[in-house]
Amino acid sequence: MTDEYAVDENTGDENTGDVQPGQDGPSADLEGQPDPQVEDARSEPVPSETEAPGVQPDPVELGHDLPSHDEAPATPAHQIPDEAAAFGEREVTEPSAGATRNDLPVEESGSTPAELEVPEGEPGQNVLTAPVDNAVDDSPGNASVEREITSNEAGDNAVDEARRASELRADHADREALAAAIPTAGQDTPLAMELAENARRRIQLTGRPFPKPVGPRVLTVANQKGGVGKTTTTVNVAAALAQSGLKALVIDLDPQGNASTALGIDHHAEVPSIYDVLVEGTPLLDVVQRCTTVENLYCAPATIDLAGAEIELVSLVARESRLQKAITAAAEAGHEFDYILIDCPPSLGLLTVNAMVAASEVFIPIQCEYYALEGLSQLLKNIDLVKRHLNPALHVSTILLTMYDGRTRLSAQVADEVREHFPVEVLRTSVPRSVRVSEAPSFGETVMTYDPASSGALAYLEAAGEIADRGAAGRT
């Protein structure tokens, strides 16, 4: 049968047998006769219709040696690669009218010889090659399956985690080495000693990422004595945590709204506040505002309406646990806060009780003076009452010494006495008296952004680092 309807090996287009101008058409006298051009060409046999594209034929079945891919001659596009079809020993299937490329036989719809990259060789030269077990996988049509999968596509982040941990260790070692290179001043120059110590702390702490806690931590910053630095400690520790990569929320439970002022949050009478959460049952996340000066820091502000909440809560059901339910609902809604710090008023009323029921940890700032020690004993009694009747998980986890004045013996004596009674809870860092810490709220900022190089900012940054390290180690 004359091959008048053959498929072009390069393009897959069908040749209808029409003679184009300038071309020699097939002769009817040559039907069944070998083509002289085919005799000069030695190409690979085309696999049978039952074989998959790209499979090498078996040398035993063909009765002759397989040509090597490296030395087989390239088949011209106008020649027929199948010797059996060229000599008339095999019938060429004619596609029906309107047939597409997918309707053609298997050997024609696969990869054509023109698509294979075969080096030029001498005609008629056959070289034996080793049998290929995965010939189908080596075909160009399956090249995309055999491509190398990168670590990102495979989802394996173990190498990235190890590299990140190695970089953090290297960064820590570099910081320690740089801090150790700072010369130590003599005892006769206290100012030089302080400057050198601040420089070391700045190198070790600034820019250091804090580890995430095992789970979200809720801390109540409480002390019924006023003026010990509750609000200042709350906002600056929260800002230090946020600057170091953690997400922090400040809940302002003080009707004065000083924490909201320090964070630059509006808290006039018309602003949704924590009062609406406690009395009206508004969801906590609906009143949270973002701090504009520190990334990852948020605040639930307090308004003057909170001053009447003490009286309004008396007649409400479950008045002691309304803040706890609001925080639990926010957690179920999917909040992503690592730390929630609750700033309490300087009293032991219902607002402070709500804060203690809502938290599992109490964070106590203590001024290094005698009156602060006297008020601490009463605070511990109230914490024990709440723990026995309302919140069994409540405990004192952190104590921070504030307004420390190293020039006076009184501050040193108070610090030693507190560390003796609470050796685990007291942080190593003590916050010194600093004018910068007092100036920062007047600009609507924390000292962490107002003057990050001051001694007060470094002290709060170091204290926040200790809190974060304890939280990551589960020591809360």
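1. Two strands are taken as paired if DSSP finds at least two bridges between them. On that basis, this predicted model contains an open sheet of eight strands, ordered β3-β4-β2-β5-β1-β6-β7-β8, with mixed pairing. The edges are held by β3 (289-290) and β8 (426-432); each has a single partner strand, so one side of each lacks a neighbour in the sheet.

2. Within the sheet, β6 (residues 361-367) runs parallel to β7 (residues 395-404), and seven bridges join the two. In this pair, I364 faces I399 of β7. Helix α16 (residues 409-421) packs on the sheet here, with contacts to β6, β7 and β8. The direction of α16 makes about 170° with that of β7.

3. Helices α13 (residues 322-332) and α14 (residues 350-358) form a helix-helix contact, with axes that come within 7 Å and cross at roughly 40°. Angles under 35 degrees would count as roughly parallel, and 65 to 115 as roughly perpendicular; α13 is therefore oblique to α14. The crossing is right-handed.

4. On the α13 side, the contact between these helices uses R322, L323, Q324 and I327. The α14 side supplies N354, A355, V357 and A358. Sorted by class, the residues in this contact are five nonpolar, two polar and one charged.

How values were computed
Residues numbered from 1 in each chain as written. Predicted model: local features only at pLDDT ≥ 70, side-chain atom pairs only at ≥ 80, totals over all residues. Heavy atoms only, no water. Helix = DSSP H or I, 4+ residues; strand = E, 2+ residues; numbered from the N terminus. Contact = heavy atoms within 4.5 Å. Axes fitted to C-alpha atoms, helices over the stretch in contact; angles between N-to-C directions. Parallel < 35°, antiparallel > 145°, perpendicular 65-115°, else oblique. Left-handed = near helix turned anticlockwise from the far one by under 90°. Nonpolar A, V, L, I, M, F, W, Y, C, P; charged D, E, K, R; others polar.
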